[in-house]
Every structure is written in structure tokens, then in C-alpha cells.
Amino acid sequence: MLRKLHTLPALVVSVLVMVLAVTGAIMSLHPALEHHQAVLPDDGQLSVARAAQNIVAQYPGTDQIKRTASGSTIVYFTRNGQPDAVLVNPVTGDGIEPYRPSAFFRWVKDLHRSFLSGDAGRGVAGLSAAVLVFLCLSGVWLLVKRMGGWRNLMRPIRGSAGQRLHSQLGRIAVLALLLSAVTGGYMSAVRFGLLPDASLSEPPFPSRVSDGNRAPVGDLAALQRMDFNQLQDLVFPYPDDPQDVYSITTTAGTGYVDPVTGSLMRFEEPPLPSSVYALIYRLHTGEGLWWLGLLLGFGALTVPVLSMTGAFTWWRRRRAHPKRPNSTAAQEADTIILVGSQGNTTWGFAGTLQASLAQAGYRVHLSTMNGLQPGYPNAQRLFLLTATYGDGDAPDSASEFLKRLDKVPEHRRLPYAVLGFGDRQFPNFCQYARTVDDALSSKGWPQLMAPEWIDRQNSQAFSRWGSRLGLALGIGLELTHTAVRPPTRPMTLIEREDYGEDSDAPISVLRFRPSDRITPSGDRSRSGTFEAGDLMGIVPPGSELPRYYSLASSTEDGVAEICVRKHEHGLCSGHLLQLAVGDTVESFIQHNPQFRPATGKSPVVLIGAGTGIGPLAGFIRRNRSHQPMYLYWGGRNPQSDFLYRDALHDYLADRRLHALNTAFSRTQQACYVQDKLHADASRLRDLMTSGGQILVCGGRDMASGVMEALDDILAPLDVDVRTLKAQGRYLEDVY
Ligand SMILES: Cc1cc2nc3c(=O)[nH]c(=O)nc-3n(C[C@H](O)[C@H](O)[C@H](O)COP(=O)(O)O)c2cc1C
């Protein structure tokens with residue numbers, strides 16, 4: 001809900017906020033430029049009287065001396081009947097250059113204040129500032145939730161590149177943005193009378209002025225007592241009006257000076273609202289605080305990037321959540337179906353279940369598992385259909401489910417049935433669905449049906465489950481659903497490197513590029529954006545089901561690179577390894593943001609074996625910030641299957657990789673990657689003590705061996721892999 005509240009206003013006002021931010025960033029340069037030009041005497045060095053005397057000596061027709069908040073001195077004077085203005089050095093009275101306010105800055109200021117549309121535009125700018133305040137606060141709250149509490153707020157961030165950039169920039173710039181938005185909103189509120197008027201009230205004009213000749217400005221006692229650095233404005237009396245006086249405004253207040261006697265006639269301190277306004281104005285504009293101006297300007301420059309990354313993340317999430325036609329409102333439904341999915345195939349099954357139940361007369365509400373509500377007033381049953389990802393983890397649309405479950409009161413518990421979707425090739429088959437089932441039963445939710453597990457979207461198994469459900473409900477229920485193949489694009493093999501050709505399990509590094517062929521839908525084929533660690537789904541000929549390979553490259557590399565080992569009877573690996581350059585495969589990208597090194601400076605320990613090196617090499621390749629990365633990798637034989645040998649040595653040379661440890665199992669001193677970890681135990685303990693994280697990629701036997709080894713190694717620190725996993729510091733991509 002909060003995410004929606006954060007996203008929707010952002011999408012609506014993003015263009016307006018971007019205009020405010022970019023114009024604000026441009027204007028933030030102004031105080032710094034002015035400060036650079038201004039001549040600033042030391043405090044106590046120069047009185048207003050002396051400075052005015054110097055200036056009048058150079059500019060006898062002086063009408064007004066004005067100082068900007070940054071300290072520049074502007075003199076308005078009349079010469080030969082023509083008004084003019086000049087920037088001066090107040091110590092000497094010499095002119096520096098004619099004063100010509102920049103038409104560009106004035107235009108930018110108008111755009112910033114009112115979108116060039118007068119009062120209506122000012123109102124819109126004020127509302128946009130209020131929205132920006134809300135976006136900052138809701139953004140911080142979302143980040144706190146995502147990072148698991150305030151204490152973890154500055155921890156490295158995980159997720160897709162867009163999400164990481166959005167959170168990282170937001171975290172850096174939020175204070176500057178909040179300050180700009182709150183102060184801007186305040187000034188708008190004052191302008192529209194929502195807060196007390198802050199204009200400077202002038203004391204009443206003196207009714208009597210001393211008779212006699214006017215003294216030279218340098219002799220006026222009141223001005224001799226005032227320090228020039230406090231001066232804001234000094235207006236000279238009209239030469240032809242004997243009743244006129246000097247008007248003066250300083251940081252201490254406003255008053256009048258008798259031009260004959262030099263005495264202070266009236267002087268009033270500014271009222272509180274106007275002092276507050278002056279302070280807020282300085283904080284908003286950086287006038288007189290040029291360094292703050294530049295900081296705020298930098299903060300404002302993040303807004304376009306935040307808007308774009310935010311919009312991109314929203315669009316991606318939206319695309320990942322299929323439409324739910326004919327879903328009854330949650331309040332009215334008698335049957336609730338909640339879906340945990342990442343690749344969307346589970347939605348297809350859920351849609352079929354929904355349609356069949358609706359046909360049988362049920363009022364069915366269909367939503368994500370993250371959409372679990374604390375109560376469904378009319379519901380009598382709950383179905384949970386969920387996939388499993390990572391190490392038995394929740395898919396994206398179920399990541400908040402268990403937390404939400406805690407909030408459901410006892411009297412709202414419903415009879416439920418869990419249907420897990422998974423793949424027996426993974427070590428933890430349907431683990432997340434099992435976790436959900438355990439959580440519900442341990443909380444005492446009544447079970448409508450025992451849980452069932454569907455392997456690789458098997459439609460017969462789904463149909464059998466449907467028949468059993470029909471019996472439980474006392475209706476005839478026929479569920480006919482065949483998984484829809486994800487939309488694929490042709491990719492052409494452009495390069496291959498072959499390893500271990502003589503062995504029983506050869507490996508190839510394959511590089512693909514989107515082919516120019518027109519797809520059946522008529523699109524020119526394009527591949528989506530991806531990063532190392534994402535998955536390339538490949539559908540081998542004669543199969544409906546894709547096989548997934550971890551990507552070793554990102555979009556910027558211009559190729560989709562994967563490492564493939566030949567599996568005995570492996571339909572897809574067999575197909576891929578016999579491809580020749582120029583051949584094409586049908587494929588798609590599945591994002592896998594859970595498996596990425598966190599950004600920042602903390603060390604990253606990469607551990608893999610065999611083809612598991614693919615994404616790890618991809619992470620190292622992109623490590624331009626030289627985050628300390630340590631690679632432990634196990635192969636069979638250094639002569640025949642040392643994947644990425646040359647590239648890894650290049651990465652070591654340019655410090656993208658800090659240390660490389662290899663283990664080979666088919667040599668005389670047979671050695672496994674776990675042995676290398678044990679041999680390097682004390683360094684690993686140091687790395688983990690300094691906030692390091694571990695990413696493991698490869699087969700499940702290697703992964704469980706590595707886990708055991710690390711539990712031993714980290715025992716003296718009182719840390720185990722389970723704890724690291726819970727902290728998001730131990731990530732696995734295991735197959
Ligand atoms: C990266 C990845 C990790 C997976 N991990 C597991 C797993 O640990 N256990 C499991 O049973 N299935 C696992 N699967 C299989 C999916 O859960 C299964 O294909 C499911 O049907 C996908 O549903 P969805 O398309 O709705 O997300 C994984 C699939 C992928 C792509």
C-alpha cells in the first residue's frame with residue numbers, strides 16, 4: 001500500500017518535480033558565483049558610513065547601496081539624468097563591473113517559482129514541493145522496511161541495477177531534497193496566506209526632520225556605529241526633498257537616519273515571522289550559504305535519475321503482475337486465491353482455477369500473496385499457489401506474505417489449501433510452498449486440503465489436484481491448463497569457447513546476440529536488459545519447458561554469455577553444445593535480482609565450481625569501482641577446463657579481482673574448493689568481520705560442501721551460514 005502511495009504521486013507529478021529540481025540545481029550555482037565575485041571586508045573593519053563615503057566619492061549620484069545575501073555590494077546611481085547600477089568594492093568605493101542581472105537566471109527563477117504561469121503556477125509549484133516532501137518520507141520508510149530496520153539503513157543494497165541506483169541515490173540525497181522541499185513548501189504557504197505574513201513592516205516615517213544643511217554621509221554618527229557586514233540596504237534621501245531621510249535595513253532591523261544630525265530616528269527589529277522567513281529563504285536558496293546551495297543543487301540533480309529509475313522499476317513490476325480480469329473485490333469474495341510468482345507461469349494456473357470456480361458460482365478474488373489482507377469478511381476458503389526461488393525463498397510477489405500473515409487476527413483464519421509450483425532439479429523442491437503451509441498450520445489455520453507440489457508446471461498433476469479439490473468442495477471441477485511458454489526471441493550464437501573436449505563432461509562458453517530475424521509477432525527481435533546473475537531461459541526444440549542458464553554478461557557487454565556443461569541425456573545442454581556459430585536458439589531473459597553482490601566497499605567472496613564461474617566472472621568484469629572481490633573456484637583439470645583463465649588474470653592485474661584461489665580435482669594433488677576455503681580460513685574470517693558477503697554458484701553438492709566448510713571456518717566468530725543468509729550476506733545460485 002505504502003509503495004503504491006509512493007509510486008502514484010511520483011508518476012503523476014514527476015515532470016513538474018523534475019522541472020523544479022533542474023531549475024533549482026541551476027540556481028544553486030548563483031550564490032556560489034556571487035560569493036566568488038564579492039569583496040567581503042572583515043567584521044569591524046568597515047563602517048556603513050566609511051563605505052558609503054568611499055562609494056559617494058566615486059559615484060556622486062548614489063541613490064541606494066544594496067548588499068546581496070552573498071555579500072556583493074550593488075550601487076544604484078544617477079549620472080547625467082540616467083539611472084545605472086554597478087557592483088563595487090566597498091573598501092575602496094571602486095566599481096568592479098556594471099551590474100546587469102542575468103536574464104537567463106531570471107527566466108530560470110520564474111520557471112522554478114511559477115512554471116512561468118503567475119500565481120496559478122506558484123500554487124502548482126507549492127503542491128509539487130508538498131508531494132516531494134511526501135515522496136522523501138515514504139521513500140525512507142520503504143527503504144527502512146526493505147533493509148530490515150533503521151540500523152541496517154546504510155547497509156549495501158541488493159536488487160536490480162535500477163532499484164539499487166534508486167535506493168542508493170535516494171539515501172544520499174534525501175536530506176537535501178527534504179530541506180529543499182520543506183523550505184519551498186513553507187515559502188509557498190506564506191505566499192498564499194496559509195502561514196503568517198512575513199513581509200518586513202517598516203516603522204512609521206518620521207514626522208519631523210532637523211533643519212539645516214545635510215552632513216556628508218561619512219559623518220553621520222548612526223552610520224558610523226554600524227558595521228558594513230550587517231548592512232542590507234541603504235536608501236539615500238531625495239536631494240530636492242528637505243523632509244526626506246536615510247532609510248536603512250540591517251540584519252538587526254529597519255529604521256531611519258536624520259541626514260542633518262546623523263542620529264537614528266527610529267529603528268525596529270524585524271517581527272518573528274519575517275526573521276523565520278529570512279532564515280528559511282536562505283536555507284532554500286543558499287543565498288549567503290553558498291556551500292549549502294551547492295549541496296542542495298547536487299541533491300536536486302538526483303531527482304531526474306530518481307524519477308526515471310523509479311518509473312522503470314514501477315513499469316517492470318507492473319509488467320510482472322499480469323492483469324486479473326473478473327476478480328471479485330476482496331470484501332465481497334467467498335473464495336480467495338493468492339499467488340506467489342516471479343516468472344508469471346503460476347498466474348496462468350491461478351487464472352484457470354479462478355475461471356473454473358467462478359463458473360461453478362463462486363465469487364473469487366485473485367491477488368498476489370503480498371496482497372494478503374488482515375481479513376476477508378465474506379470469504380470461506382483461501383488458496384495459495386506459489387512458486388519457489390533461490391534457496392527455498394519466496395518469489396517476488398510473495399516476499400511480504402509471512403510478515404502479513406502475522407497480522408491476521410484469529411477469528412479471520414480461513415480453511416486453506418497450498419499448491420506449490422517448483423522444479424525437482426532444485427535442491428529445495430517447492431520449499432517456499434512448504435514453509436507457507438507450515439506457517440499456516442502452526443498458527444492453527446484449518447486445512448481444507450493437504451498441500452500438493454507441482455513439478456515443472458505439470459498440467460496433469462494440476463488437473464488431478466483440481467479433481468480432488470472438486471471432491472472437497474462437493475462440485476465437479478475440471479482444471480485444464482497448459483503452461484504458456486514465455487515469449488521468446490531468437491538469439492544467434494556468435495562465438496563459442498570449448499573446454500574439456502576429451503572429458504566425459506565438456507563445457508562451452510557460448511556468446512549470443514539478438515538475431516535480426518523478424519519474430520513471429522512481427523517485432524524486430526530485441527533482447528531485454530539484463531545483468532550478470534540474471535537467467536537466460538532457453539527452450540530446446542521439441543520441448544515446451546525452458547531450461548535456465550545464469551548469465552555471465554550484462555547488456556552493456558553486447559552479448560548474452562552463458563557457460564554450459566554437457567549433461568548425460570540433457571536435452572538442452574546437448575542441443576546447445578552442438579550449435580555452430582550462426583545458429584539460433586529461442587530464448588528469453590528472467591531477472592534474478594536476488595543474486596547480485598551488494599554495492600559499496602564491503603568485500604565480496606565469490607565461490608563456485610565448474611560452470612558456476614559464469615555469473616561470478618560477470619560480477620568481476622563489471623567491478624569498475626574496485627570493490628574488494630575474492631574468487632574461490634574449483635575445476636577438474638587446469639590444462640583442459642580452466643574457464644576464463646586469461647580474463648581472470650587480466651582482472652587481477654587491473655584490481656577488479658583482489659585474489660584468485662583455484663582448486664582442481666583431477667590432478668595429482670586433487671583438491672576441492674572447500675579445501676581452499678579451509679586453507680584461507682583466517683582471511684575469510686577477517687573479510688566477514690569487516691562486513692563481507694558471500695555468493696556461491698554451482699552444483700548443489702559443491703554448495704552444501706561449501707556451506708559446511710564455512711560453518712566450521714566461521715565458528716570462532718560465533719557466526720554461521722544460516723545467520724548470514726538471514727542477514728542477506730550469503731547468496732546462492734545453485735542447480
Ligand atoms: C532461478 C530459479 C530458482 C528456482 N529455485 C527453485 C527452488 O529452489 N525450488 C523449486 O522447487 N523450484 C525452483 N525453481 C523453479 C520455479 O519455482 C518453477 O519453475 C515455478 O513453476 C516458476 O513459477 P513462476 O513462473 O510463477 O515464477 C526455480 C526457478 C528459477 C528460475
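A nonpolar core is a set of buried Ala, Val, Leu, Ile, Met, Phe, Trp, Tyr and Cys residues joined through C-beta atoms within 7 Å. In this predicted model, the largest such core has 65 residues, and those with the most contacts inside it are Ile562, Leu606, Leu616, Leu631, Val673, Leu695 and Val706. Helix H19, spanning residues 700–714, supplies the largest share of this core, namely eight residues. Because domain 4 (489–590) and domain 5 (604–734) both give residues to the core, it lies between them.

The surroundings of Leu606 illustrate this packing. Beyond its neighbours within four places in sequence, Leu606 is in contact with Leu616, Phe619, Met629, Tyr630, Leu631 and Leu695. Another core, of 40 residues, lies apart from the largest one; among its members are Phe349, Ala398, Tyr432 and Leu477.

Ala129 counts as buried because it has 23 C-beta neighbours inside 10 Å, the threshold being 20 or more. Residues up to four places away in sequence excluded, Ala129 touches Ala181, Gly184, Gly185 and Ser188. For one of these, Gly185, the C-alpha atom is separated from that of Ala129 by 5.3 Å, although the two residues are 56 residues apart along the chain.

The protein chain has an average pLDDT of 90, and 96% of the residues score at least 70. Over residues 517–527, however, the pLDDT is below 50, and this stretch has 17 contacts in the model beyond near neighbours in sequence. Where pLDDT is low, the predicted coordinates should not be read in detail. The scores for the model are ipTM 0.99 and pTM 0.59.

Conventions
Residues numbered from 1 in each chain as written. Predicted model: local features only at pLDDT ≥ 70, side-chain atom pairs only at ≥ 80, totals over all residues. Buried ≥ 20, exposed ≤ 12 C-beta atoms within 10 Å, placed from the backbone. Helix = DSSP H or I, 4+ residues; strand = E, 2+ residues; numbered from the N terminus. Domains from an automatic or database assignment. Contact = placed C-beta atoms within 7 Å. pLDDT = per-residue confidence, 0-100.
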